[in-house]
Amino acid sequence: MSPIKLGHDYGLTKRQLAETIGLAPQALYKRERLGAAKTQSRLREMNEILTRVAGWAGGPAQAMAWYRAEPIPAFGGRTAESLVKSGQAGQLRDYLDSIAIGGFA
């Protein structure tokens, strides 16, 4: 996954993108770290979640605002960003799937 394209899509610099996924900026600036499984996994998880919510959030910028700031009651008020950073993207995806099929938030 290209951090340049992803950053552009959501209006983030590489440094901001690294912060958003919970990694040091070097993870996106150094080629060997950019290709690391952890870096690629976090980028993929963030992109997948933002893509899922962009439609109901009103677009990419609004999806990013939701991702970074909106507390999710089902996760004790934690944000999507916090969940991805702590390795709980799978649980967040399951939650979003549940909401998509008519579950309660």
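User: Which residues of α2 are buried?

Analyst: This is a predicted model, so everything here is computed from predicted atoms. In α2, the buried residues are L17, A18, T20 and I21. To get that label, a residue needs under 20% relative accessible area.

User: What puts them on the same side of α2?

Analyst: Look at the arc: around the axis they cover only 160°, which puts them on the same side of α2. As background, an α-helix has 3.6 residues a turn, so residues three or four places apart point the same way.

User: And what covers the buried residues of α2?

Analyst: The cover includes α1, α3, α5, α6 and α7.

User: Why is Q16 called partly exposed?

Analyst: The relative accessible area of Q16 is 36%. Buried would need under 20% and exposed over 50%, so a value in between is called partly exposed. That's why Q16 gets the label, with its 36%.

User: What happens just after α2?

Analyst: There you find G22, which takes a positive phi of about 80°.

User: Which residues touch the most other members of the largest nonpolar core?

Analyst: Those are M46, I49, W66, Y67, I72 and L92, out of 28 residues in that core. Elements giving two or more residues to this core are α1, α2, α3, α5, α6, α7 and α8. The largest share is 6 residues, and it comes from α5. In general, nonpolar side chains in soluble globular proteins tend to be buried together.

User: What does Y67 touch?

Analyst: Leaving out residues up to four places away in sequence, Y67 touches T20, M46, I49, L50, T79, A80, E81 and V84. One of these, T20, is among the buried residues of α2.

User: How many helices and strands does the whole chain have?

Analyst: It has 8 helices and 0 strands. Along the sequence the pattern reads α-α-α-α-α-α-α-α.

User: How much of the chain counts as buried?

Analyst: Of its 105 residues, 38% count as buried.

Note on methods
Residues numbered from 1 in each chain as written. Predicted model: local features only at pLDDT ≥ 70, side-chain atom pairs only at ≥ 80, totals over all residues. Heavy atoms only, no water. Buried < 20%, exposed > 50% of the residue type's maximum accessible area, 1.4 Å probe, protein only. Core = buried A, V, L, I, M, F, W, Y, C linked by side-chain atoms within 4.5 Å. Helix = DSSP H or I, 4+ residues; strand = E, 2+ residues; numbered from the N terminus. Contact = heavy atoms within 4.5 Å. Arc of directions from axis to C-beta.
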